[in-house]
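Have a look at the model first, then read on.

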Amino acid sequence: MNALVAFEAAARHESFTKAAEELFVTQGAISHQVKALETELGLKLFHRRPQQLVLTNVARDYLIVVRDALDRIATGTNTLIKRQSSGVLTVSMPPNFASKWLVHRLGRFAELFPQIDLRISASEHHIDFAQVDVDLAVRYGVEAELGYKSNLHLTKLYTGGVFPICSPKYMSGEHSLNDINNLKHQKLLHFEDRKDWLRWLNIARIEDVDVSHGPVFDQVSMIIDAAVEGQGIALARGGLATRDLISGQLVRPSKLALKVESAYWIVCPPATANLPKIELFRNWLLQEAAQDEAKLAKLYSE
């Protein structure tokens with residue numbers, strides 16, 4: 001292949017020197033490649049004259065074939081690269097993350113990257129990338145459980161902790177949560193069990209709060225929506241309540257967060273981690289998350 005490329009460039013420029021400049025090699029390297037090709041073919045391709053190369057008659061016919069082959073290879077390569085940068089991208093993520101974080105951002109993504117056709121699969125199950133048609137996934141968990149055992153490429157999307165959220169209406173009135181100790185007068189909303197509230201109250205050193213009452217939800221999205229509707233005070237996982245906090249539909253009555261080991265991770269096989277369309281979508285996710293964090297930092301520093 002190198003000899004064919006050298007021959008085509010030398011024939012086009014009628015010069016080994018100019019061909020060498022184009023291909024970023026030495027003049028001697030081009031001459032050597034052409035001589036090797038002539039030896040392989042058993043034919044003379046150039047008449048070597050002072051300050052000029054002249055194609056032989058047989059070389060002119062051969063050049064047409066070589067150029068056609070090189071053009072086909074270039075076209076095929078460009079098509080392959082475009083496919084890696086565009087087309088269908090299938091993404092798997094937990095239903096709560098898809099509904100509370102991703103869905104309202106899809107319009108922005110489509111405007112920025114119209115060449116990518118997203119397919120969203122809402123699932124929390126372990127992904128076997130060798131068995132299912134999924135390019136990339138977002139998963140919540142501990143790094144060791146998600147990556148080390150399954151040999152996946154991981155990029156952290158959201159960390160943070162668990163913190164109280166509520167409707168702004170709770171920040172005024174007789175038992176305003178401007179004083180977080182007034183939690184004892186409010187209805188608590190629970191996710192899966194009542195342990196998170198017990199842990200948070202413990203690190204906040206707040207006593208006399210009854211956690212044995214209040215509805216228990218099995219989906220994070222439901223507990224966030226209930227808080228937006230003013231049905232009680234919830235504990236939110238970093239990331240999922242971001243949109244409602246930025247819009248002002250929710251507020252944080254306390255900056256204190258319960259630390260957790262788990263985080264949201266962008267997951268894909270190492271072999272495909274640098275494919276253009278996967279890299280593009282991963283970078284877009286990270287950029288969106290960074291913008292959210294900056295907005296929240298500004299909102300709660302004022």
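Is E38 buried or exposed? Keep in mind that this is a predicted model.

1. E38 comes out at 11% relative accessibility, so it counts as buried, the cut-off being under 20%. Its salt-bridge partner is R48, with the closest N and O atoms 3.0 Å apart. E38 sits in helix α3 (residues 27-41) and R48 in strand β1 (residues 46-49), so the pair links parts that are 10 residues apart in sequence. R48 is partly exposed, at 37% relative accessibility.

2. Next, a longer reach along the chain. E288 and R108 meet through their side chains in a salt bridge, 2.6 Å from N to O. Helix α11 (residues 276-299) holds E288 and helix α6 (residues 106-112) holds R108, so this bridge ties together parts 180 residues apart in sequence. E288 is buried, with a relative accessible area of 5%, while R108 is partly exposed at 39%. In general, side chains of opposite charge can pair when their charged atoms come close.

3. Now a pair within one helix. R12 and E8 form a salt bridge at 2.8 Å, N to O. They are 4 residues apart in helix α1 (residues 2-13), so about one helical turn separates them. An α-helix has 3.6 residues a turn, so residues three or four places apart point the same way. E8 is buried, with 12% relative accessible area, and R12 is partly exposed, with 38%.

4. The structure holds 12 salt bridges. Those that share partners join E8, R12, E22 and R67 into one network.

5. Over to helix α9 (residues 220-228), which is mostly covered: 7 of its 9 residues are buried. Those are V220, S221, I223, I224, A226, A227 and V228. What do they pack against? The neighbours are α5 (95-102), β7 (161-165), β8 (190-191), β9 (216-217), β10 (234-237) and α10 (242-247). If you check backbone torsions, look just after α9, where G230 has a positive phi of about 75°.

6. Last, the surface charge. E124, E192, D193 and D218 gather there in a patch of negative charge. E124 is found in the loop between β4 (116-122) and β5 (136-141). At 54% relative accessibility, E124 counts as exposed, because the cut-off is over 50%.

Technical notes
Residues are numbered from 1 along each chain as its sequence is written. This is a predicted model: local features need pLDDT of at least 70, side-chain atom pairs count only at pLDDT 80 or more; totals for chains, interfaces and linings use all residues. Side-chain values use heavy atoms; hydrogens and water are left out. Buried means under 20% relative accessible area, exposed over 50%, partly exposed in between (1.4 Å probe, protein chains only). Helices (H or I, at least four residues) and strands (E, at least two) are DSSP runs, numbered from the N terminus. Contact means heavy atoms within 4.5 Å. Patches are made of residues with over 30% relative accessible area and no salt bridge: like charges are joined within 9 Å, nonpolar side chains (Val, Leu, Ile, Met, Phe, Trp, Tyr) within 5 Å. Accessible areas come from the Shrake-Rupley method with a 1.4 Å probe; for residues, only the protein chains shown count as cover. A salt bridge is a side-chain nitrogen of Lys or Arg within 4 Å of a carboxyl oxygen of Asp or Glu. Lys and Arg count as positive and Asp and Glu as negative; His and the chain ends are not counted. The place of a charge is taken as NZ of Lys, CZ of Arg, CG of Asp or CD of Glu.
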